[in-house]
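Open the model in your viewer and keep the selection tool at hand. The tour goes from one selection to the next.

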Amino acid sequence: MPSFNSFFRGSFLRAKTYPHLLLNFTFLVRWVFLASLVGVLAGSASALFLVLLDLATNYREQNLWVIALLPVGGLIIGWAYHQWGREVEGGNNLLLEAIHTPAKKRIPFRMVPLVLLATVLTHLVGGSAGREGTAVQMGGSLADQLTPLFRFKPRDRKLLLICGVSAGFASAFGTPLAGAVFGLEVFLLGQLRYNALLPSFLAAVVADAVTTAWGVGHTAYPLVEVPALSISTFGAAQAAGIAFALTARLFSHATHLAGSFFKKYIGYPPLRPVVGGAVLAVIIYLLGTTKYIGLGIPTIVESFQAPLPRYDFLLKLALTALTLGCGFKGGEVTPLFFIGATLGNALFPWVPLPLEVLAAMGFVAVFSGAANTPLACTLMAMELFGAEVGIYAGLACVVAYLFSGHTGIYGGQVVGRSKHPFHARETGVSLADIRKKLW
């Protein structure tokens, strides 16, 4: 028979627990609604974008003469952003800066139509670019339009923006787990914000489901069979990870250098993509192939099946740096998939791992090194190529993350925790500011 004191003490503890349960339940219900709303908006926008992107790609491949219009497309994009898009030209970095300083003014809605149409036009005329940047920018911008509607405080706005980033990424690739973690990893290098885990996950799952419900599919990659882990394969995965990291650094530097070059020598912004487009058109003509423009999905798929020319990754890297550096719009991630998969393919004669394993590792690890998101990239490998590849992909991704240093494609990333104690003084500094000191 319990004593009166023990019964009273137990009742008191239960009474203290109830408010916590109520607060957690309220938080859950609130963010189920908000994250679902963001997911519906981002997923629908991504569905429209992916359909238009397919139409543009198919038309270009059937009418190659449109590649001659690269300077014209560049002029339209450059002029449109010069007239209406100066506030949103920062793209993904603008979103990251808004997450770091959520008290700033709301991201203009015009980011959505501008980046959507500019990216579709970039692909139509033959630019080498991706799609995640557009999906993420649309998701973040659409999410931020809810800020004044619900009168969010800065801390809630930060969660909302993370939801938009996660939803856009997940719906672009059909990878809700990777999308959820990407939104948590990408803005603060070396740290995760677990208070955003639930909203980010909900938004990513809903956005992916909405895109699928609209009848929009994603590329189906082969399930990868991996060898048993041994000392030799363990070492091979890490050696390949270093190669992927160095390539990620090369891509980041090449893209930033191309952008700096055009800004330095061409003062009028709308002319930069005109000149860059003309150079790009000449290069494509001289190459005599379109495999290095657009998304490059057919070559990515082929890299899992048979040996490819060993220079494929370098040509894609150069054309993407030129396209994005001169002012065309689109993402970096799908080109990084191309670069990584073809680099893994090129390493096959020297690294004792199966061809498809190397391609899968490169697919995610170059992206991991360039975006500083090893956890999201490991999950992406498991979602796209099967759970068994997780060990090899994880090894390659974390090694690529470490060896890429404090560099990356997103200048708005801030070093939350240094990758190495030697660089601890860079904690709290953005990658853009670190790059300025180096260059």
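Contact here means heavy atoms within 4.5 Å. This is a predicted model, in which local features need pLDDT of at least 70, side-chain atom pairs count only at pLDDT 80 or more, and totals for chains, interfaces and linings use all residues. Residues are numbered from 1 along each chain as its sequence is written, and side-chain values use heavy atoms, with hydrogens and water left out.

Select phenylalanine 363. Beyond residues up to four places away in sequence, Phe363 touches Tyr221, Ile300, Phe304, Leu336, Phe337, Gly340, Ala341, Met380, Leu384 and Phe385.

Next, widen the view to the nonpolar core (buried Ala, Val, Leu, Ile, Met, Phe, Trp, Tyr and Cys residues joined through side-chain atoms within 4.5 Å; buried means under 20% relative accessible area, with a 1.4 Å probe and protein chains only). The largest such core has 124 residues, and Phe244, Phe363 and Phe385 have the most contacts inside it. Helix H15 (residues 355-371) gives the largest share of this core, 12 residues. Helices are DSSP runs of H or I, at least four residues, numbered from the N terminus. A second, separate core has six residues, among them Leu189, Tyr401, Val415 and Ile434.

Now select helices H5 (residues 132-144) and H7 (residues 154-173). Their axes, lines fitted to C-alpha atoms over the stretch in contact, come within 7 Å and cross at roughly 145°, on a scale of 0 to 180 degrees between N-to-C directions.

Finish at arginine 157, in helix H7. Is Arg157 buried or exposed? Arg157 is buried, because its relative accessible area is 2%. Its side chain makes a polar contact (N or O atoms within 3.5 Å, one able to donate a hydrogen and the other to accept it) with the side chain of aspartate 144, at 2.7 Å.

Methods
Helices (H or I, at least four residues) and strands (E, at least two) are DSSP runs, numbered from the N terminus. Buried means under 20% relative accessible area, exposed over 50%, partly exposed in between (1.4 Å probe, protein chains only).
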